[in-house]
Amino acid sequence: MENTFLHSKWLGGESLAGYKFLARASQVLFVAIAFGFAILSSTNLVAQSQLQQATYKEEQSQLGESLYQQHCMVCHLADLQGSFEASSLSGGNFVRSWNNRTITELQDLLRRTMPPQSPGSLTDTEYSNLTAFLLKENGVANGIQALDFQSSGVAFIGIGNDGRQIEERLPVPGRAGTIPSPGTRNQVPEIATVYQSDRAISRSLQPVPGFHNVSEEELANPAAEDWTYWRRTPSSQGYTPLDQINTGNVQNLSLEWVWGMESGRSQPAPLVRNGIIFVPNFGNIVQALDGRDGTLLWEYRRLFPEGGRTGAHLRTLAMWEDMIYVATTDAHLVALDARTGAVRWDVEIDDESKGYSNTSGPIVANGKVINGITGCGRFYEDSCFITGHDAHTGEELWRTYTVAKPGEPGGDTWGDLPLEFRGGVDVWMTGSWDPELNLVFFGTAQAKPWMAASRGMSTEDSALYSNSTLALNPDTGELVWYRQHVPGESLDMDEAFEQVLIDILDEPFLLTIGKSGVLWKLNRRTGEFEGLKETVYQNIFSDINLETGELRYREDIQNMQIGEWLSVCPSTAGGHNWQSTSFHPPSRQLVIPLSQSCMEMSPRETTFEIGSGGNQGDRMWMEMPGTEGQFGKLASYDVETLEEKWSIEQRAPFLTAALSTGGDLLFIGDYNRYVHAFDINSGEELWRTRLATSAQGFPVSYAVDGEQYIAIPAGREGGSPWRIGNFLAPELVSPDGHNALYVFKLR
């Protein structure tokens, strides 16, 4: 999508980035009002006889009062009189500030400056309702005409206006003025280069130092100091060969810098190239930081249309050449200029009004951006899918559906359900890529509704291609092979997580683990079963065939009925969940963050109609028997034998991915705000520190100027894994409002 270059460097006034100026001759008038740092557009006083009072509907003011209480009252107080720098919003001073000024100016000001912590975060309708409330509180009667951003009229008709035009002049030495100089009152000048598109605004604050394009070869085999895939390499191993920080000196690790991130659900996986960190934030915001000291270099902010989906969390990004790729929560795919944050292209993947969305990012393989969609729980004929896009233009090249259609291979595995009632099979975690086999690998989620009884099916209906590992040709999207780990899955036990690619004696293998806690080992050339390991206590499957990998649910799960409650272990928090594993090549270990909890679950009845659907299940969490309330488990497994080498249990759930290093260390963080460094060969804890809130997301390691850094994200609201600490270990407090990226190095 074409962008408009709007503004560069200091203007001494407002940026042209999306802000409308009303100009007259050579003067631009700025007037301050009762919002602490607010900047006002020019005003043009005319005779009272030419003015009309803006009106609003009573219901708008009522809705506006609720918005005021939620977003404004803490600063401007219940009586609108304000406190400290939040001035009065009612009474003579406020009215005189807005005499004979257009109502659109007032609404636009609110939109640009309020709420102070997140300007523009409300919809246009909400800003109009808030304005209606202010009018009512200042004595303007309601009318029959609704207030909106196209409304004419003034905020308040001036009193005592005799119709004469007031001379407007700026103050100069020796002469008083009637208006302030533009941009001089409480104005924060725009110092960035600003790029605007219809769905985003990007601000480039300073040049990105030393960034070099990422070639296809570097993407497949990144330099040790870089982290160019969500798990560093396309094999999703979560390992860095950097060894400056090691078991002998990790006790000297100290905090180097912290970057505060956007509030909201946060599980970020940063990328690093040439010492520049690219980090996704809640709200579909991406920031580029200098890895040496945390200086902000550029920022991309997604803009969401009124009435559409608002910004939510992003886990991962992708990188190639000079672009950063973002899969947004409103079901778009966006390419950003890695040096400026400007939008290079923006394409719609599918209609967000049907629920389509993204929670994680794409991968790049063979010059294709490959993305799995999510938000497929509602009933539509268009099911879930994976798409391949031209990395230069965003053009969709292929689309592979993850739900088998009637009349196609696997189409008879959904019972008698027509296509429009085959929900779920989301692809909500990022995939992996094997350049030599020319395959990409993605895990898929369960069918929806969660439980077979709610779907009008039985556990004997396997529902392809749910709960599977899919191997696709990245050039065509062709399904080369699949392995369905849990056919007919009925307890929200996804198998949608990381696909770890490793070689053992020159043979290619794939390791993956789902919520049931079963670790799967497959031949990644063919998908053939090579072994499994149960990593936590489970009572879901009455039979597991160690020779074939075939599973069988226990009898009461097979016979589940609407409204019945089933007791099962583990819970939907896992087992394993989105907190990714780490493969440590020197010791041939796979280290897995695990969770130990159980639940009771009950299926609800489903209405089968277009647009319906959903999860349709009720859950209650509880401790896992025999664990004594130790919800967090970290365990290491030999990838050849799948035998456990060591494990650690603790009260707090582990809420970050695992990161292993060439210095024989394993870094991980937990719900109780601790970051740990373990000796990967023994599991002995060698170092730990505490953050402001839960350590949550995907730690990375990188190097700049020969110095190794460890970056650990902190955040909250990590789905079911986070709820285990929140619900079952309430004495462990995870403070809100402290999302951040913590960066450590040796002292």
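Trainee: What makes strand 33 and strand 34 a pair, and in which sense do they run?

Mentor: Two strands pair if DSSP finds at least two bridges between them. Strand 33 (residues 597–603) and strand 34 have seven bridges, in the antiparallel sense, and one of the bridge partners is Gly 617 in strand 34, facing Pro 603. Strands here are DSSP runs of E with at least two residues, helices runs of H or I with at least four, numbered from the N terminus. The model is predicted, local features need pLDDT of at least 70, and side-chain atom pairs count only at pLDDT 80 or more, while totals for chains, interfaces and linings use all residues. Residues are numbered from 1 along each chain as its sequence is written, and side-chain values use heavy atoms, without hydrogens and water.

Trainee: Why do strand 30 and strand 34 count as edges of the sheet?

Mentor: The open sheet has the order 30-33-34. Strand 30 (566–568) and strand 34 (617–623) each have a single partner strand, so one side of each lacks a neighbour in the sheet.

Trainee: Why is helix 1 called roughly perpendicular to helix 5?

Mentor: Angles run from 0 to 180 degrees between N-to-C directions, with axes fitted to C-alpha atoms, for helices over the stretch in contact. Roughly perpendicular covers 65 to 115 degrees. Helix 1 (residues 58–71) and helix 5 (residues 124–137) pack at about 100 degrees, their axes 7 Å apart, so helix 1 is roughly perpendicular to helix 5.

Trainee: Which residues of helix 1 and helix 5 meet?

Mentor: Contact means heavy atoms within 4.5 Å. Among the residues that meet are Leu 63 and Leu 67 in helix 1, and Leu 130 and Phe 133 in helix 5.

Methods: Angles under 35 degrees count as roughly parallel, over 145 as roughly antiparallel, 65 to 115 as roughly perpendicular and the rest as oblique.
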